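Morning, everyone. I have one chain to walk you through, and I will keep it short. Please have a look at the model first.

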Amino acid sequence: PGLDRPLLKPGDYQRVVGKLVRVKLREPLSGEWLIIGRLSEVMDTGIEVMSQQGKTANPVNVPWEIIAQAKLEIEF
């Protein structure tokens with residue numbers, strides 16, 4: 001599997017904690033359909049991403065049921 005392999009199971013997310021991810025949502029969360037940031041935690045209810053949108057990193061809790069697609073974001 002390549003870098004653009006989708007994250008599907010909680011174990012896939014656990015494996016990439018601390019890395020940059022791109023999460024597309026089924027419905028907007030705080031007005032956003034796309035969240036890009038560092039995956040900081042995997043919980044029973046969803047994931048926590050430190051969003052890099054704006055000047056400061058803000059934690060965003062994303063419930064499992066609204067994640068449409070997630071994958072690693074390539075860093076240079």
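Start with the salt bridge between Arg5 and Asp12, where the closest N and O atoms are 3.6 Å apart. A salt bridge here is a side-chain nitrogen of Lys or Arg within 4 Å of a carboxyl oxygen of Asp or Glu. Asp12 is buried, at 9% relative accessibility. Arg5 is partly exposed, at 32%. Buried means under 20% relative accessible area, exposed means over 50%, and partly exposed is in between, with a 1.4 Å probe and protein chains only.

A word on the basis. This is a predicted model, in which local features need pLDDT of at least 70, side-chain atom pairs count only at pLDDT 80 or more, and totals for chains, interfaces and linings use all residues. Residues are numbered from 1 along each chain as its sequence is written, and side-chain values use heavy atoms, leaving out hydrogens and water.

How many salt bridges does the rule give? Three. Next comes Arg22 with Glu73, at 2.8 Å from N to O. Arg22 sits in strand S1 and Glu73 in the segment after S5, so this pair ties together parts 51 residues apart in sequence. Both ends are partly exposed: Arg22 has a relative accessible area of 24%, and Glu73 is at 21%.

Then Glu75 and Arg38, which meet at 2.6 Å, N to O. This pair links distant parts of the chain, with Glu75 in the segment after S5 and Arg38 in strand S2, 37 residues apart. Glu75 is partly exposed at 44%. Arg38 is partly exposed too, at 29%.

Now a charge without a bridge. Glu48 is buried yet forms no salt bridge; Arg38, its nearest side chain of opposite charge, is 13 Å away. For charge, Lys and Arg count as positive, Asp and Glu as negative, and His and the chain ends are not counted. Glu48 is in strand S3, residues 46-51. Leaving aside residues up to four places away in sequence, Glu48 touches several others, among them Leu39, Met43, Pro59 and Val60. Contact means heavy atoms within 4.5 Å.

On to the fold. The chain has one helix and five strands. From the N terminus, the elements run α-β-β-β-β-β. Helices (H or I, at least four residues) and strands (E, at least two) are DSSP runs, numbered from the N terminus.

What is the strand order of the sheet? The sheet is open and antiparallel, and the order is S4-S3-S2-S1-S5. S4 (58-63) and S5 (67-72) stand at the edges with a single partner strand each, so one side of each has no neighbour in the sheet. Two strands pair if DSSP finds at least two bridges between them. S1, residues 20-29, pairs with S5 over five bridges. Leu25 has Ile67 in S5 as its bridge partner.

Two residues to look at. Asn58 is in strand S4 and is partly exposed at 38%. Its contacts, beyond four places in sequence, are Val49, Met50, Ser51 and Gln53.

Ser30 lies in the loop between S1 and strand S2 (32-42). Ser30 has a positive phi of about 55°, although it is not a glycine. Most residues other than glycine have a negative phi. Ser30 is exposed, at 76% relative accessibility.

Last, the overall picture. Of the 76 residues, 30% count as buried. The C-alpha atoms fill a box of roughly 30 × 30 × 20 Å along the principal axes.
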